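Colleague: I would like to learn how to read strands, disulfides and confidence in a model. Please take the features one at a time.

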Amino acid sequence: MTAVRAVLASIAATALLLAGLPAPASAAVALTLSRSFGASGAGGTIVGSVPQSTSVTPFAGITPVVQFQFAPTTTSSTACSEKAKARAQITASGTTTTAGVLTVDPGQVKRITSWKIAFQVPTAGYPDNTVNPNGLVLAGTQTQSRWVVCVYDSESTTSSTLIASASYTIAVKPVITKISPDSSPSAGGQTISVTGSGFTPVTSQITATIGGAPLSNIKVSANGTSFTGTTGTRAPGGGQYLTVVAPGGTVSSEDPNGDGSTGDAIPFTYSNAITVSPNTAASNTVATLSVTGAGFTGITFDTSGTDPTSNLGHVFLVDGAYDASGNREVAECDLGMVISDTELVCDLDLRTGPVPDGAYIVTVVADGSTGAGPSANPSIISSGAGFVVAPY
């Protein structure tokens with residue numbers, strides 16, 4: 001008998017499809033959202049879709065009704081009521097929402113296909129602002145709140161049918177209060193700590209960049225008030241800004257409070273630091289060096305090897321800090337090739353003189369002229385750029 005009923009149901013569904021009518025859905029299906037989280041009170045458009053099927057066309061022939069229903073626990077994150085709920089005022093008690101149902105204005109719900117709809121996240125109660133005038137917002141002192149997007153075939157609380165559902169989370173907008181340290185070598189690899197709020201992830205990890213260079217290995221504290229990350233490679237320069245993309249929106253350290261003012265901006269500096277390998281060689285020899293850093297493809301290097309004072313880029317061996325007009329090269333490392341933006345290879349000739357034993361600094365300069373001043377942009381003195389001339 002069960003098999004007969006299944007066959008009859010299949011025949012009936014096929015007949016409806018041939019007649020151009022939607023087949024009845026036997027159960028609600030999972031709804032995939034174009035974004036599953038957003039900022040408190042921000043609104044915005046969401047596209048919801050279900051897998052395409054010739055036998056199940058959940059949105060065909062109807063004007064879908066979309067409700068946001070509060071989900072107090074993780075287990076209820078996709079559990080909609082069987083029938084559409086009546087509109088209810090969202091109220092707060094301490095840090096929790098005690099009631100919450102928002103129906104999206106029908107004028108803000110569009111059926112795109114039989115498997116796809118678009119709708120607006122409510123910014124005010126429907127049908128008027130007397131029902132939760134603030135829209136989908138956090139209650140009390142919440143930093144995140146989980147809701148369920150429920151799609152019905154009507155707004156009736158007695159005869160509607162649940163079609164599809166998905167989880168949706170709102171969160172506070174992120175804020176940046178401190179970046180420590182506020183600098184990194186251009187080659188990256190510096191671990192920084194960012195303090196603020198609103199960093200707690202929802203469905204995926206937050207992302208962050210500094211001057212366009214992504215942070216890696218991001219780890220967020222349990223309370224969402226800080227995270228650590230590792231800087232990537234970037235051409236040297238000051239006045240760079242950290243941008244964080246979190247569930248509650250995007251914030252930049254150029255406007256860390258998101259109030260439209262840059263008076264409290266927190267800039268970040270990528271210093272022109274390099275590392276050298278090998279970092280030692282014997283006097284009166286020629287050593288091939290691998291120099292790593294960042295921004296090398298932006299420098300036009302002097303490949304002639306005959307004019308160390310040209311206004312082109314150079315790789316010098318310097319006895320101490322580089323000074324364009326005074327303390328310059330002990331020897332020049334003749335460029336072999338720029339392998340990438342972060343690595344170059346050069347030949348350091350220690351035969352001229354010859355270069356005496358001692359500790360030196362390998363320095364990359366963008367402009368080798370004696371009057372270059374700041375435009376020389378020499379790599380900073382660091383342990384990674386140290387080079388020792390000594391017997392093996």
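Modeller: Start with E20 and E21, which form a hairpin with two residues between them. This is a predicted model, in which local features need pLDDT of at least 70 and side-chain atom pairs count only at pLDDT 80 or more, while totals for chains, interfaces and linings use all residues. Residues are numbered from 1 along each chain as its sequence is written, and side-chain values use heavy atoms, with hydrogens and water left out.

Colleague: What do the strand names rest on, and how many bridges join E20 to strand E21?

Modeller: Strands (E, at least two residues) and helices (H or I, at least four) are DSSP runs, numbered from the N terminus. Two strands pair if DSSP finds at least two bridges between them. Strands of a sheet pair through backbone hydrogen bonds, either parallel or antiparallel. E20 and strand E21 (residues 249–252) run antiparallel and are joined by four bridges; Thr 243 has Ser 252 as its bridge partner in E21. E20 also pairs with strand E15 (residues 207–210), in the antiparallel sense over four bridges. There, Leu 242 in E20 is the bridge partner of Ile 210.

Colleague: Which residues make up the covered face of strand E20?

Modeller: In a regular strand the side chains alternate between the two faces of the sheet. In strand E20 (residues 242–246), Leu 242, Val 244 and Ala 246 make the covered face, and Thr 243 and Val 245 the uncovered one.

Colleague: What is the strand order in the open sheet of eight strands?

Modeller: The order is E23-E25-E28-E27-E26-E29-E30-E24, with mixed pairing. Strands E23 (275–277) and E24 (280–281) are at the edges with a single partner strand each, so one side of each has no neighbour in the sheet. Inside this order, strand E25 (residues 286–292) pairs with strand E28 (residues 343–349) in the antiparallel sense over seven bridges. Ala 287 has Leu 348 as its bridge partner in E28.

Colleague: How many disulfides does the count come to?

Modeller: A disulfide is a covalent bond between the sulfur atoms of two cysteines. Here a pair of cysteine sulfur atoms within 2.5 Å is taken as one, and the count comes to two disulfides. In one, the sulfur atoms of Cys 80 and Cys 150 are 2.1 Å apart. Cys 80 lies in the loop between strand E5 (65–70) and strand E6 (88–93) and Cys 150 in strand E10 (residues 144–152), so the pair ties together parts 70 residues apart in sequence. The link of Cys 80 and Cys 150 is left-handed, with -95 degrees about the S-S bond. Another disulfide joins Cys 333 to Cys 346, S to S 2.0 Å; this link is right-handed, at 95 degrees.

Colleague: Is Cys 80 buried or exposed?

Modeller: Buried means under 20% relative accessible area, exposed over 50%, and partly exposed in between (1.4 Å probe, protein chains only). Cys 80 is buried at 15%, and Cys 150 is buried at 0%.

Colleague: Which residues does Ser 145 touch?

Modeller: Contact means heavy atoms within 4.5 Å. Leaving out residues up to four places away in sequence, Ser 145 touches Phe 70, Leu 138, Tyr 168, Thr 169 and Ile 170. Ser 145 lies in strand E10 and counts as buried, at 3% relative accessibility.

Colleague: Where does pLDDT stay under 50?

Modeller: pLDDT is the predictor's confidence in each residue, from 0 to 100. Where pLDDT is low, the predicted coordinates should not be read in detail. pLDDT stays under 50 over residues 1–26. The chain has a mean pLDDT of 87, and 89% of its residues reach 70 or more.
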